2 protein chains.
Amino acid sequence: MAITSRDVARLAGVSQPTVSRALRDDPRVSEDTKKRVRDAAALLGYVPSEAGRALSSGRTRRIGLLVTDLDNQFYSHIIAPLHRELETHGYQLVLHTETTDESVAERLIANGLDGVILATTTVESVVPLRLRDRGLPFVYFNRTAALVDADATVVAPSVGLQDAVDRGLALGHRRIGAVLGPQNTSTGRSRERALRAALADRGVSLDADLVRHGPFDTDAGDAATAELLALEGAPTLIFCGNDVMAYGALNAARRAGVPVPDGVSIIGFDDLPPASWPIIELSTIAYDYVQMAREAGRLMVRRIEERPQEYAHVEFATTFIERRTLAAAVTR
Amino acid sequence: MAITSRDVARLAGVSQPTVSRALRDDPRVSEDTKKRVRDAAALLGYVPSEAGRALSSGRTRRIGLLVTDLDNQFYSHIIAPLHRELETHGYQLVLHTETTDESVAERLIANGLDGVILATTTVESVVPLRLRDRGLPFVYFNRTAALVDADATVVAPSVGLQDAVDRGLALGHRRIGAVLGPQNTSTGRSRERALRAALADRGVSLDADLVRHGPFDTDAGDAATAELLALEGAPTLIFCGNDVMAYGALNAARRAGVPVPDGVSIIGFDDLPPASWPIIELSTIAYDYVQMAREAGRLMVRRIEERPQEYAHVEFATTFIERRTLAAAVTR
DNA sequence: CCTCTCGTTGCATACGTATGCTCACATCAT
DNA sequence: ATGATGTGAGCATACGTATGCAACGAGAGG
């Protein structure tokens, strides 16, 4: 049924291996022959079989992206640049979403991937261990795991959060709350640590009553903020674990009838596109996540093709972006 | 390096084909042997090679999803349910994003997919033609192309739009504008046709000056709405091609200082999650896009495994959901 | 004129699994 | 006791490409 390299070989009057070499532009094939082979291939509409190629070469040129919650806006914005970056290197992105930790690694391995980009690892995940044991190269994107070292692209939250904290304090905020991400993610942890450190640096500490933890999603941000706003001494400024949680915070404030920023100020983290929309205008900590995705792609390709001794840890700087949702503290 | 079925066979004291059959639970293998093989496979940590399997069986159990603009929120919400649906049938989703129309088909074919789900087809796309010529099964999701028939899941916009139009007219709106999607997409066309028909049914017609077309994204919705609001006789109600464009419309109104809904009413299409957020409260036309994604997955699997004679065209009903962004018309 | 080298092509085979066919053996009816 | 039936496993091979190695011819150098 399908056209194989043998069919092309027959038409071009050469052997099958010559077809294989000619189409991959092997220098050992004469220009003359290459042209003949290419013409024959085009005439027949020949398309090389990935399966045959994978079996023979042992490589698939496919890279897996492991994400648990695809619904999360953040990852939508990551996939496109990552896809494009890998494409320029001749690799293809394959999406994997699984929730259970144990079977994931097996499926990644079974799928004959050349490498895996881990985007939603939890700190205690065993997936990196399994991949390492199998010799399947992988790269951490955004989050890292504790058990195994590897190439990684991470965000350095300190600078951006320090600026945000300073600005918040300057605006008179003293009762400061936090709606943070899960403590079993490296991002959740590092942002919390950086926030506490930035406050401590100015002699302020987070009141434990005003801190909440939850998944990095809108519903969690909504619920946690609703709780905080209902408190006797509600915070006048709330730091959120990411923008998506901050959307939830804005919703909760609206539902509670607390105006933003006059009743409460909200600060996010990520600077996703909606943060700069006129109807949202979210103050947030920004970093170049598109560049970060591309860098993760580059690290992945380098890991596969060059197997460097050292692991690269690329950090991305953060900056504070002030928008409408931050204003002077008002005592209610 | 890697463990093959031959290694398992040696350990279990059987032949390689028996391993292949035992692990796929072939009834021709005795329970006793199966157990021995499974134990040996587990002991060695054997994972079947996708490449070998694909080459031998001619099937990959991989299905491609072709999307041009991944950034579009709509598709983020589609991918997860589609992924899950295919997974339950033992298939895996592979994301393909390409902009050029010509090379796409080749890459889809080359990748040894069992089938393709086309999510962002334009009406005049040749991809369906190429796929048909190759005998690669495919399904239309949401949009369809004109040239080739195939299984399809589509939205029937008429009912929802008729209700929305009736409600808008009841609220006194007469100057009605439209910020619509591209005319080379079946969704763009069918929504425009349904809107015009619904208005015509009530003896109203769209003023050509108040109609704009553009890509299904926030920026386009923003730009078009800004134009409409700047007109002498600006519309009091604007229908948008989808929710994402409606976000842009809301932004444009905010920027222009026109309050929503008191200055202008906005109606979207899709009912994505943000539409029901307290800070947005977008009136919109809803349908069950999660179910639609799952149905597309089911059609795809059925097409691959049963090759039915007839093509299925599954329609999804729409309903109008009234929220804050629609109110009585006010003359400015 | 012989040998050596270089450039080009073909030959043989490996990659790992699935499957049609054969075959051995046991069970059972005749 | 013999043939028929059925069960379970092995043998041989196919799938399509890539690659190490051999081979071939031409040209160059001695």
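Two strands pair if DSSP finds at least two bridges between them, and strands (E, at least two residues) and helices (H or I, at least four) are DSSP runs numbered from the N terminus. This is a predicted model, in which local features need pLDDT of at least 70, side-chain atom pairs count only at pLDDT 80 or more, and totals for chains, interfaces and linings use all residues. Residues are numbered from 1 along each chain as its sequence is written, while chains are lettered from A and ligands numbered from 1 in the order in which they are written.

**View 1. The open sheet of chain B.** Six strands with parallel pairing follow the order S2-S1-S3-S4-S5-S11 in chain B. The edges are S2 and strand S11 (313–317) of chain B, each of which pairs on one side only.

**View 2. Strands S1 and S2 of chain B.** Strand S1 (residues 62–66) of chain B runs parallel to S2(B) and is joined to S2(B) by five bridges; Leu66(B) has His96(B) as its bridge partner in S2(B).

**View 3. The surface near DNA strand D.** Among the 27 residues around DNA strand D, those that come nearest are Ser5(A), Pro17(A), Ser20(A), Gly52(A) and Ser56(A), where near requires a C-beta atom, placed from the backbone, within 6 Å. H4(A) gives the largest share of this surface, five residues.

**View 4. The contact between chains A and B.** Chain B contributes 33 residues and chain A 34 residues, with two residues in contact if their C-beta atoms, placed from the backbone, lie within 7 Å.
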